[in-house]
Amino acid sequence: MKIWKNFLCTIVATAFISVSAVAQQVPPSLFSEMDGIHFLDDGTALPIWGYGWVADGFITLPAPLLTYDEGAVVSLAFENPSPESHTIHLHGLDVDQANDGVPATSFFVTSGQSTSYDFTATHSGTYLYHCHVTTTLHLTMGMYGMVLVTRPDGTLFEGGPAVAANVPWLFSDLEVATNFDPVGSFPFHDMRPDVFMVNGKAGGQLEGEVVWASSTEPTALRLASMAYSKVTCHFPEELNAELWMSDGREVPVEALDSLEIYPGERFTVLVQPEPGYDGGVTAVFEHMVDGVVEAEEFLQIREESLHPSVVEDLEGLGWYPNPASHEVSMPESTGRVVRVWSLTGALVFDGDLPAKGLDVSSWQDGVYLAQVEGRGVTRFVVAHGAR
Amino acid sequence: MLEKLFSLAMASVLAGSMSAQTDTLWMVPGGVTLGGDTLAALRFCATPQFQASNETLDGSLSSVFVVNGDSVAHELAWTAEEGTTWTVAPGASVELDMSGLGDATNRLWSNTERGQTLGLSTMLRSGWDDLPHYEWNLNEWDPAETWSLAAGGSLDPSAAYVPRQFTINDRNFPNTLADTSSYVQTSVGEAVYISIVNQGRMDQVLHFHGYHVDMLQSSAHENRVGWSKDTVPVKAGERVVVRLDPNQPGEYPVHAHNLVAVTNAGFYPGGMITFLNVAP
């Protein structure tokens with residue numbers, strides 16, 4: 001079981017994190033370019049500007065995820081071979097003026113120059129980075145990414161809860177016409193984004209992206225927005241979502257059913273779905289000027305026992321008969337507390353396991369998830385056509 | 001007309017000053033230039049003369065007289081008495097009770113379409129006076145709308161709202177740097193308060209470079225009092241008070257992070273940008 005647990009942690013940490021698809025170099029070294037391509041859901045090859053790992057030689061939307069341990073003394077190497085000046089602003093990390101990435105008060109990194117941004121990652125949390133040159137344009141062209149500062153012991157902050165995994169969701173948007181004609185995009189006050197993304201993906205690109213979350217340990221959703229829109233995330237009750245942090249600082253814990261995220265804000269939300277949960281979070285993008293709802297994206301979260309590899313592994317753990325039509329039992333568990341959920345997350349049984357097994361004669365046909373006290377989640381099938 | 005109003009208000013002030021401290025605001029029409037655009041404007045002013053930025057009031061006032069120097073009646077509202085409005089005819093005045101407000105930043109505005117569009121809205125602040133206290137009134141502007149309303153027109157509800165000027169204290173960057181109420185000058189270890197009121201029709205969000213600030217008041221997010229934030233939403237009509245405890249020297253911008261709002265007539269940089277200047 002432990003093997004599967006570790007495997008699942010790996011799944012959770014890597015699934016749906018296209019923002020971190022390229023492993024961080026040690027030490028990380030970024031470059032900027034203005035000749036990238038990002039494919040939209042309809043297949044459009046969109047010109048982008050952005051950052052990428054030097055060793056890879058290509059830029060991505062969003063930029064690579066930067067990860068640091070809390071307390072790390074960081075020197076972020078940056079080179080700019082692009083034809084225009086850029087910088088890196090480390091949004092929320094409270095760096096000193098020289099490393100703030102604002103050209104007027106820090107410095108430009110002009111074409112052909114290299115530099116480094118030096119700072120200490122003092123607080124665990126969720127942050128952003130972006131170019132601060134002609135910011136309105138350079139952001140919508142794609143020059144932004146996320147920074148995670150985490151603790152080696154897996155806790156959110158000193159004295160905080162341990163989490164099974166961190167899942168970064170970076171919300172952003174863009175106006176296609178601007179990316180195709182950045183010079184002709186002026187003036188900016190009437191900008192109206194028309195592509196709304198999570199980790200650079202939108203619409204059908206998000207289908208099949210799944211966060212596999214444990215029902216026994218919280219998963220940390222690291223939410224950040226570099227959008228021009230207001231984003232509201234809606235959390236179904238079965239996710240047991242709780243707000244724990246904002247802008248890299250602890251906040252009083254509160255249960256969440258929805259959360260507004262304004263441009264530049266970050267939040268850490270812990271979710272711990274009910275066993276068998278199969279649903280997700282809906283993110284609504286709303287125009288900042290007139291409040292018009294522009295788009296909704298659905299971010300799928302499934303409880304980890306539903307992962308096909310786990311279900312296969314657990315099939316032989318002892319429910320008999322399986323499929324069942326009248327009683328289903330697990331002899332070595334008689335008398336222990338067992339809870340059973342339908343695949344929709346509804347609790348259908350909670351009590352001691354009778355010696356003759358669970359009476360499923362009136363249950364609907366389908367797959368059920370069962371957890372015997374002190375054991376992992378297993379499944380059995382009710383099929384009234386079965387023996 | 002204005003002289004008559006002045007006499008009326010002075011009489012009120014003198015009567016009030018016999019027992020407690022009062023102040024007076026005049027509602028005055030005029031015009032302003034912002035980021036290359038000219039706009040019709042209405043402002044709360046410290047005298048009967050038009051001023052480009054709304055006057056803010058603070059301190060231990062027991063009341064404030066508000067005199068209508070505009071040519072039409074205004075329906076005044078303020079957040080210290082939610083749900084109550086005062087209709088003030090041209091030349092008339094109203095007295096608002098400011099006693100017993102405690103530590104609070106309130107908003108006073110004209111609830112008419114003309115008043116809202118022309119910018120007749122300001123903050124009345126009480127308490128939190130043990131440290132330097134800065135005041136940021138946020139707003140956004142569509143110049144064509146202001147001229148339409150000034151000419152007696154009304155807003156077309158079917159028309160798209162596309163503001164093209166974005167201001168702190170009715171100024172946009174770089175003119176914000178010359179405003180001692182928005183440009184923060186302090187030293188390491190010397191804390192300041194900042195009251196922020198969104199007088200506009202759209203939500204805003206401000207990002208502080210270099211520091212986190214402590215939330216002392218947030219009228220739309222009461223659960224956030226006590227939070228430490230570097231990016232602070234200020235919804236339309238919201239009042240926020242933060243405390244900045246600078247722990248490092250430097251010059252850092254504070255700006256809207258809805259990045260259309262850091263432009264003047266669509267060109268960057270401009271709009272809602274000011275700076276924190278922290279001496280060692």
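The model is predicted: local features need pLDDT of at least 70, side-chain atom pairs count only at pLDDT 80 or more, and totals for chains, interfaces and linings use all residues. Residues are numbered from 1 along each chain as its sequence is written, while chains are lettered from A and ligands numbered from 1 in the order in which they are written.

I begin with the interface. Here 34 residues of chain B are in contact with 31 residues of chain A, contact being C-beta atoms, placed from the backbone, within 7 Å. Strands β13 (204-208), β15 (228-229), β16 (231-234) and β18 (250-256) of chain B each supply at least two residues of the side that touches chain A. The most comes from β18(B), with 4 residues. Strands here are DSSP runs (E, at least two residues), numbered from the N terminus.

I turn now to the sheet. In chain B, 6 strands form an open sheet with mixed pairing, in the order β10-β9-β12-β17-β14-β15. Two strands pair if DSSP finds at least two bridges between them. At the edges stand β10 (165-168) and β15 of chain B, each with a single partner strand, so one side of each is left without a neighbour in the sheet.

What joins β14(B) to β15(B)? There are 2 bridges, and the strands run antiparallel. V213(B) stands opposite K229(B), and D214(B) has S228(B) as its bridge partner. Strand β14(B) is also joined to β17 (residues 239-244) of chain B by 4 bridges, again antiparallel; there, Q217(B) is partnered by V241(B).

How values were computed:
Two residues are in contact if their C-beta atoms, placed from the backbone, lie within 7 Å.
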